Amino acid sequence: MAYEPNPLAYARLILHKNMNKMENINPVNWAISHEDGITRISWRDKGPGYISSGGQVGTEISMNALLQRTAIVETHPLKIPDNAVIKIDVEGAENLVFKGMDLQHKPDIIVETFSEECADYINKLTQYLGYKYYLIDEENMKLHQKPKLYACDKTGINFNHLLTCQQWV
């Protein structure tokens, strides 16, 4: 499953799924949180030539043209199957996603957080389960083991961490 509430990012997710023939990915256009419900999400519409994540395609436009968009979306707790790999990029709501996750199957988790509070909360939930923490060094294609999950430095290059109980690392 791939959960994406932003309609622009969801459309891009489907495009990449189809281009890469990733038949095992099932895109869902709703959000993950700690409970069922309805919430608002916001994103920036960067105008023609920009994709939703902020990457640019084509000619440059003025960043002053950014528009704030809001949508009402469904939220649901995450039901995790065996052997799952989960990527979480929720712009500050990581603690709500983890609060709603059933970690009994000990999935591998790739997460980015810039919040010390969220990192501390995730550490409390995962340390007693035997998770190990790795910084994903994308520039050098390496994993660096860490004693716990740390909030990322917004000025750095590597934002993602791998949390795993597996022995394959």
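**Asp137 and its surroundings in a predicted model**

Trainee: At what distance does the side chain of Asp137 make a polar contact with the side chain of His144?

Mentor: The model is predicted. Asp137 belongs to strand S8, which covers residues 132–137. The side chains of Asp137 and His144 form a polar contact, and its length is 2.9 Å.

Trainee: Which residue joins its side chain to that of Asp137 in a polar contact of 3.0 Å?

Mentor: His144 is a side-chain partner of Asp137, but at 2.9 Å. The contact of 3.0 Å is made by the side chain of Asn140.

Trainee: How far from Asp137 is the nearest side chain of opposite charge?

Mentor: Asp137 is buried, and the nearest side chain of opposite charge is that of Lys142. A salt bridge requires a side-chain nitrogen and a carboxyl oxygen within 4 Å. Asp137 has no salt bridge, the separation from Lys142 being 6.6 Å.

Trainee: Which residues are in contact with Asp137 when its neighbours within four places in sequence are left aside?

Mentor: Contact here requires heavy atoms within 4.5 Å. With the sequence neighbours set aside, Asp137 is in contact with Lys142, His144 and Asn158.

Trainee: Is Ile157 buried or exposed?

Mentor: Ile157 lies in the loop between strand S9 (142–146) and strand S10 (161–164). Its C-alpha atom is 7.9 Å from that of Glu138, 19 residues away along the chain. The threshold for exposed is over 50% relative accessible area. Because the relative accessible area of Ile157 is 55%, this residue is exposed.

Trainee: How many disulfides does the count give?

Mentor: A disulfide is a covalent bond between the sulfur atoms of two cysteines. Cys152 is buried, at 9% relative accessible area, and Cys165 is buried as well, at 18%. The rule asks for a pair of cysteine sulfur atoms within 2.5 Å. By this rule the number of disulfides is zero.

Trainee: What separates Asp120 and Lys148 in space, C-alpha to C-alpha?

Mentor: Asp120 sits in helix H3, residues 116–126. With a relative accessible area of 35%, Asp120 is partly exposed. Asp120 and Lys148 are 28 residues apart in sequence, and their C-alpha separation is 8.8 Å.

Key. Residues are numbered from 1 along each chain as its sequence is written. This is a predicted model: local features need pLDDT of at least 70, side-chain atom pairs count only at pLDDT 80 or more; totals for chains, interfaces and linings use all residues. Side-chain values use heavy atoms; hydrogens and water are left out. Buried means under 20% relative accessible area, exposed over 50%, partly exposed in between (1.4 Å probe, protein chains only). Helices (H or I, at least four residues) and strands (E, at least two) are DSSP runs, numbered from the N terminus. Lys and Arg count as positive and Asp and Glu as negative; His and the chain ends are not counted. A polar contact is a pair of N or O atoms within 3.5 Å; within protein, one must be able to donate a hydrogen and the other to accept it, and residues adjacent in sequence count only if both atoms are side-chain atoms.
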